[in-house]
Amino acid sequence: MSVSAPGSGSAPCRFAHYFVICGIDTDSGLEPDELAALYQWLEADRHGGSQDAASGENFEQSPLKRTFKSKVLAHYPQNVEWNPFDQDAVNMLCMPKGLSFRTQMENRDPQFHSYIITREDGSRTYGFVLTFYEEVTCKQICTAMQTLYQMHNAEHYSSVCASSSCSMDSLASSLDEGDNTSLSKLQRCNSYDISRDTLYVSKCICLITPLPFMRACRKFLSQLHRAVTSQQPPPLPLESYIHNILYEVPLPPPGRSLKFYGVYEPIVCQRPGPSELPLSDYPLREVFELLGVENLVQVFSCVLLEMQILLYSQDYQRLMTVAEGITTLLFPFQWQHVYVPILPASLLHFLDAPVPYLMGLQSKEGTDRSKLELPQEANLCFVDIDNHFIELPEDFPQFPNKLEFIQEISEVLLQFGIPPEGSLHCSESATKLKSLVLDDLADDKKNGNIPANVYELLKGNETIARLQALAKRTGVRVDKIEITRMLAEKEEKDSKLPCDWEELRDYKLNVQVREVFASRFTQMFADYEAFVILTAQDLDSWLTNREQMQNFDKASFLSDQPEPYLPFLSHFIETQMFATFIDNKIMSQWEEKDPLLRVLDSRIEKIRLYSVRAPALRTSMYQKCTVLKEAAQSIEQRLAKIDHTAIHPHLLDMKIGQGKYEQGFFPKLQSDVLATGPTNNNRWASRSATAQRRKDRLRQHSEHLGLDNDLREVRYLMHGGLTR
């Protein structure tokens with residue numbers, strides 16, 4: 001799904017391309033998920049076991065735990081010219097496990113997750129999904145579920161009798177003795193009774209967007225769901241809000257902020273300017289809390305060296321957050337291989353592909369790591385997100401200045417109250433430390449140094465504790481009163497912004513951590529341009545002879561590097577992401593420069609202007625990032641002064657009787673009012689380099705796929721919305 005219209009020179013300005021509803025098709029009834037059945041068959045074949053279970057119903061599994069087919073029930077508009085709707089891919093990624101059933105006894109809290117669709121030309125589309133549960137009102141579905149339970153219990157009962165090899169007398173005797181496998185107990189603990197239980201089924205609503213405005217989309221979908229579950233109907237029919245975000249909310253231009261309206265509250269988003277790091281809305285705070293700094297830097301190094309990276313978590317959104325968080329730190333480079341942050345279980349066999357990949361696999365509750373069948377690859381990096389644990393390849397070079405790098409990242413995290421070691425391993429010590437610091441502050445309060453309301457404000461906030469811990473380690477004096485004053489001013493200042501302080505903190509943390517990573521690459525490759533080999537006279541001749549040309553003087557580049565950098569750099573400059581980076585540099589002679597390259601080159605130019613060293617003289621001395629404050633200020637300034645406000649949602653010309661409110665049920669939307677929108681929605685169209693990037697990737701496509709036949713085959717198999 002491309003961001004730009006093929007053949008057009010401009011990028012479409014719509015904030016969202018599609019609104020999608022997925023769920024159960026009552027006309028089709030309960031259909032086993034064919035892809036899940038295929039997966040079962042493949043797994044049985046792989047392990048040499050019986051494949052009979054894949055050919056029919058799996059009576060060993062409780063019906064409520066089985067996988068049933070979901071469908072795209074509706075999507076609006078029907079099709080976007082520059083972004084054709086891929087129904088199979090969207091359905092698979094909106095509901096990777098298919099339909100999920102619950103009863104009134106089980107948890108039915110709504111869940112949010114996101115996904116990414118990457119096309120063959122490298123363009124990306126983002127999906128944001130809110131999954132919730134609706135009561136099943138179709139009697140045929142309820143009856144079918146009860147029938148499945150009767151069959152399941154009968155099959156289970158038969159297997160109990162067969163395994164015990166007992167007579168009816170001995171079975172009766174065991175029942176009298178309170179045998180745990182008795183039929184009566186099975187029926188009590190594992191059943192669905194249509195006369196006693198209420199059946200619920202999952203449904204999801206989804207926004208598909210050209211840019212990853214994760215926070216804004218999550219808020220919009222949450223407000224829609226709140227409107228459906230509220231006792232009072234929403235101010236307007238839901239069609240009004242969906243029509244508004246599809247056709248009347250523009251993309252904010254680069255460097256600008258935008259406010260639009262959900263059902264109950266306004267929503268604000270912002271977009272970085274041309275000289276800033278690209279948009280990244282997934283909270284890096286969560287990535288560091290889940291993995292810790294050292295683990296993240298190790299996984300980051302594996303990604304840079306294009307190893308096989310498998311993320312593992314029960315939570316789809318964690319998979320997406322970690323995958324997007326790590327790849328956004330690659331600036332100015334980009335991952336060039338298979339990228340599937342959420343791999344549907346039916347495609348698990350793709351993990352056997354003999355190519356670099358970054359994939360995310362959902363773990364099942366209670367599943368032991370040892371039971372996961374993984375390819376025995378020497379370069380596999382396994383990341384168990386939920387357990388704060390990684391398995392690294394046996395031997396790989398460490399990132400240059402790793403210790404100093406980790407220290408600088410840790411200092412940034414501590415300023416925001418984030419423990420560098422990750423949240424899973426520090427909660428007890430953090431609590432003790434916070435308690436001691438607050439007690440100390442309470443003593444100061446008695447002397448009039450800190451007002452009582454500020455002291456109360458600091459309860460539950462670990463920022464001071466973390467700052468003082470850092471100060472103690474580094475020997476830097478931290479004045480408690482100054483910290484307290486800054487926090488109090490921060491709370492007052494943040495209250496005037498159109499987002500809460502936690503959201504502002506995440507925005508600032510994101511950009512400052514990313515700047516630390518970007519600074520490392522800027523320093524390491526400050527002289528890269530001197531080693532780029534330019535031999536072709538025009539673009540056509542370069543494209544024709546690309547594979548026979550040497551584009552980068554690797555030997556001279558390495559001889560110019562500090563010796564401690566060589567183990568890592570000698571591997572990194574052989575990767576596909578580095579080759580693509582150099583290709584983009586060469587093509588910038590004849591065409592508009594790639595946006596990431598443009599930002600890097602401008603930063604290198606600043607280094608040259610302010611640096612006193614000779615251009616070719618390299619040093620392994622660690623140099624910290626110097627633009628953290630300015631980067632955070634840009635974020636805050638855009639939020640303090642909103643540049644654009646979208647049109648308010650308004651009543652549409654709907655048929656009488658449409659838009660009827662029924663609490664707890666997402667309504668059947670009126671298609672005709674959502675099929676098309678205003679024709680003048682190019683008012684804030686962004687004339688960017690997106691279309692050019694698309695052409696660049698198309699040209700490089702044949703080269704990248706020509707690396708080996710296995711890679712071509714894997715990408716072909718996963719085409720249809722799951723990979724490049």
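Zero disulfides are present in the structure, a disulfide being a pair of cysteine sulfur atoms within 2.5 Å. Cys217 counts as buried because its relative accessibility is 0%, and Cys13, at 3%, is likewise buried; here buried means under 20% relative accessible area, exposed over 50%, and partly exposed in between, with a 1.4 Å probe and protein chains only.

This is a predicted model, in which local features need pLDDT of at least 70 and side-chain atom pairs count only at pLDDT 80 or more, whereas totals for chains, interfaces and linings use all residues. Residues are numbered from 1 along each chain as its sequence is written, and side-chain values use heavy atoms, with hydrogens and water left out.

Lys71 lies in strand E2 (residues 71-76), where helices (H or I, at least four residues) and strands (E, at least two) are DSSP runs numbered from the N terminus. Its relative accessible area of 26% makes Lys71 partly exposed. Although Lys71 and Ile24 are 47 residues apart along the chain, their C-alpha atoms are separated by 6.3 Å. Beyond its neighbours within four places in sequence, Lys71 is in contact (heavy atoms within 4.5 Å) with residues including Ile21, Cys22, Asp25 and Asn91.

**Backbone features**

Most residues other than glycine have a negative phi, and most peptide bonds are trans.

| Peptide bond | Omega |
|---|---|
| Tyr76 to Pro77 | near -10° |
| Phe331 to Pro332 | near 10° |

Pro77 is placed in the loop between E2 and helix H3 (87-94), while Pro332 belongs to the loop between helix H11 (316-328) and strand E10 (338-343). His388, which is not a glycine, has a positive phi of about 60°; His388 sits in the loop between strand E12 (380-384) and strand E13 (389-391) and is buried, at 10% relative accessibility. Asn401, also not a glycine, has a positive phi of about 55°, and its place is in the loop between E13 and helix H12 (402-415). With a relative accessible area of 14%, Asn401 is buried.
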